[in-house]
Every structure is written in structure tokens, then in C-alpha cells.
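Let's take a walk through this structure together, one contact at a time. Keep the view open as you read.

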Amino acid sequence: MRNLKLKFRRIELDISQTDLAKKVGVTRQTIGLIEAGEFNPSIRLCRKICRALGVTLNDLFWEEEENEEE
Amino acid sequence: MRKNNALDEMQELELLKIEHNGCWIAFWGLLIALAVQSAAFGNTDFRTLAGEWVVFMVLAVYLAVACMRRGIWDRRIPMNTRSNLTLSAAAAAALGGLIAITVFRSCRKLSVTAAAALIAASVTFGLCFAALTLAMKKTAKRIRQLEEEPSDADER
């Protein structure tokens with residue numbers, strides 16, 4: 001499932017995938033795959049992304065139970 | 001996570017580690033087995049080694065192509081000409097030594113042994129360096145493609 005919260009927050013701050021990737025120390029491809037829902041990041045990487053975007057884990061990565069993928 | 005997977009996330013990661021170790025044990029084990037059969041036992045008949053060679057080459061080509069397609073080089077070895085020269089020299093030294101042992105066992109002449117080892121090492125060095133340089137260029141090109149910022153419409 002696509003992580004639109006991450007994508008919208010990044011666009012809201014006018015940060016490109018490349019810039020966010022540099023801030024958190026990963027490749028642009030990794031950010032792209034997280035936004036596309038094709039890669040599940042570790043909690044450590046989630047925290048780095050949240051810090052870089054000035055939000056909490058809940059804001060970007062929390063899903064209500066009915067939306068949760070099996 | 002795929003459906004019908006009986007493993008939880010931790011077990012899945014553990015299984016990947018086990019498979020990773022198994023892959024490298026098979027890779028180096030096959031290479032050592034081929035070297036030992038050729039040098040120590042003097043088995044130079046390709047027909048008796050063909051099975052191991054085919055499996056080894058399939059494994060090596062799969063690893064190389066899969067990494068290049070995903071723009072992955074190595075965890076620790078930097079992607080530059082100096083590394084390629086060092087790795088080629090190591091491969092040349094290893095194969096030169098192997099050929100020297102094999103040839104000396106059969107003819108017992110130092111001059112022939114040295115010439116054979118030198119030729120084998122030179123050819124290995126040249127081929128390894130060419131292959132590594134080509135792989136490095138392909139990988140660098142793939143990394144550039146993957147790192148290109150997509151438009152918002154087709155972002156991934």
C-alpha cells in the first residue's frame with residue numbers, strides 16, 4: 001500500500017526524494033520504494049525520516065486496523 | 001509479505017541470513033573444490049569438472065547480473081579502477097599459482113612452469129580487469145538511472 005502520508009509531507013515541505021534520501025543517508029530509490037509501498041523500512045529508518053520531515057512515527061506510518069495489510 | 005508464509009518477520013530475516021551464508025558457502029566451496037581437484041589431484045580433464053564449473057558459473061553470473069540490474073556494487077569494496085586493479089591482481093596471482101602447481105606436477109620443468117604461470121596470470125589479469133571495468137560502468141550507469149528524480153506522476 002502506497003505511503004501517501006510520507007509523499008504529501010515531503011511535497012508539503014518542498015523536498016525532493018533525492019534531498020530526503022541525502023538527509024537520512026539512503027538512496028533515492030529507497031525513498032521511492034517506501035512511498036510506493038514496496039519496501040518496509042526498519043523502525044530506525046522510519047525515525048530518521050520522521051525527524052527529517054519534522055513529524056512523528058504516528059503521523060507517517062500509523063495505519064488504522066481496517067487499512068492494515070495482512 | 002507474501003500470503004501463506006508460515007514465518008514471522010524475524011524468522012524471515014533469519015532465513016534470508018541462512019540462505020545468504022549458504023549461497024557464499026556454495027560459491028567458495030565450489031571454487032575451492034575445483035582448485036583442489038585441478039592442482040592437488042592433477043585432474044585437468046574438463047569433462048570431470050564440467051558439472052561443478054556449470055553450477056559455479058551460473059551462480060557467479062546470476063549474482064553479477066542481479067547486482068548490476070539493481071545498481072549494487074559491494075558493501076565494502078569501493079567502485080573504482082584501483083579496486084579493480086587490486087582484485088584482478090589477486091585473481092591473477094591465485095590462478096597463476098594454481099597453474100604453476102598443476103604444470104609442475106606434470107612436467108617438473110621450472111622454465112615451462114614459470115612461462116605457463118606467467119601467461120595464465122597475464123590473461124587472467126587482463127580478462128578480470130576488463131570484466132570488472134565493464135561491470136563497474138554498467139553498475140554506475142544503472143545507479144544514475146535509479147537515482148534520477150521521477151516526476152510526481154510516476155514516482156517510485
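This is a predicted model: local features need pLDDT of at least 70, side-chain atom pairs count only at pLDDT 80 or more; totals for chains, interfaces and linings use all residues.

H1(B) covers residues 9-39 and H2(B) covers residues 46-69, and their axes come within 10 Å, crossing at roughly 140°. As for handedness, the crossing in which H1(B) passes H2(B) is left-handed.

Which residues of H1(B) and H2(B) make the contact? On the H1(B) side you will find Cys23(B), Trp24(B), Ala26(B), Phe27(B), Leu30(B), Leu31(B), Leu34(B), Gln37(B) and Ser38(B). H2(B) answers with Leu49(B), Glu52(B), Trp53(B), Val55(B), Phe56(B), Leu59(B), Ala60(B) and Leu63(B). Sorted by class, this contact has 14 nonpolar, 2 polar and 1 charged residues.

Now follow H1(B) to its other partner here, helix H3(B), which spans residues 81-107. The axes of H1(B) and H3(B) come within 9 Å and cross at roughly 25°. That angle makes H1(B) roughly parallel to H3(B). H1(B) brings Ala35(B), Ser38(B) and Ala39(B) to the contact, while H3(B) brings Leu98(B), Ile101(B), Thr102(B) and Arg105(B). By class, there are 4 nonpolar, 2 polar and 1 charged residues between H1(B) and H3(B).

Next, turn to where the two chains meet. Here 16 residues of chain A are in contact with 10 residues of chain B. Together the chains bury about 1,000 Å², with 34% of that area on carbon and sulfur atoms. How many salt bridges are there between chain A and chain B? The count is 0.

Over all chains, though, the structure holds 3 salt bridges. One to look up is in chain A, where Glu12(A) pairs with Arg9(A), their closest N and O atoms being 3.4 Å apart. Glu12(A) and Arg9(A) are 3 residues apart in helix H1 (residues 4-12) of chain A, which means that about one helical turn separates them.

Methods:
Residues are numbered from 1 along each chain as its sequence is written. Chains are lettered from A and ligands numbered from 1 in the order in which they are written. Side-chain values use heavy atoms; hydrogens and water are left out. Axes are lines fitted to C-alpha atoms, for helices over the stretch in contact, and angles run from 0 to 180 degrees between N-to-C directions. Helices (H or I, at least four residues) and strands (E, at least two) are DSSP runs, numbered from the N terminus. A crossing is left-handed if the near helix is turned anticlockwise from the far one by less than a right angle, and right-handed if clockwise. Contact means heavy atoms within 4.5 Å. Ala, Val, Leu, Ile, Met, Phe, Trp, Tyr, Cys and Pro count as nonpolar, Asp, Glu, Lys and Arg as charged, and the others, Gly among them, as polar. Buried area is the accessible area (1.4 Å probe) that two parts lose on being put together, summed over both. A salt bridge is a side-chain nitrogen of Lys or Arg within 4 Å of a carboxyl oxygen of Asp or Glu. Angles under 35 degrees count as roughly parallel, over 145 as roughly antiparallel, 65 to 115 as roughly perpendicular and the rest as oblique.
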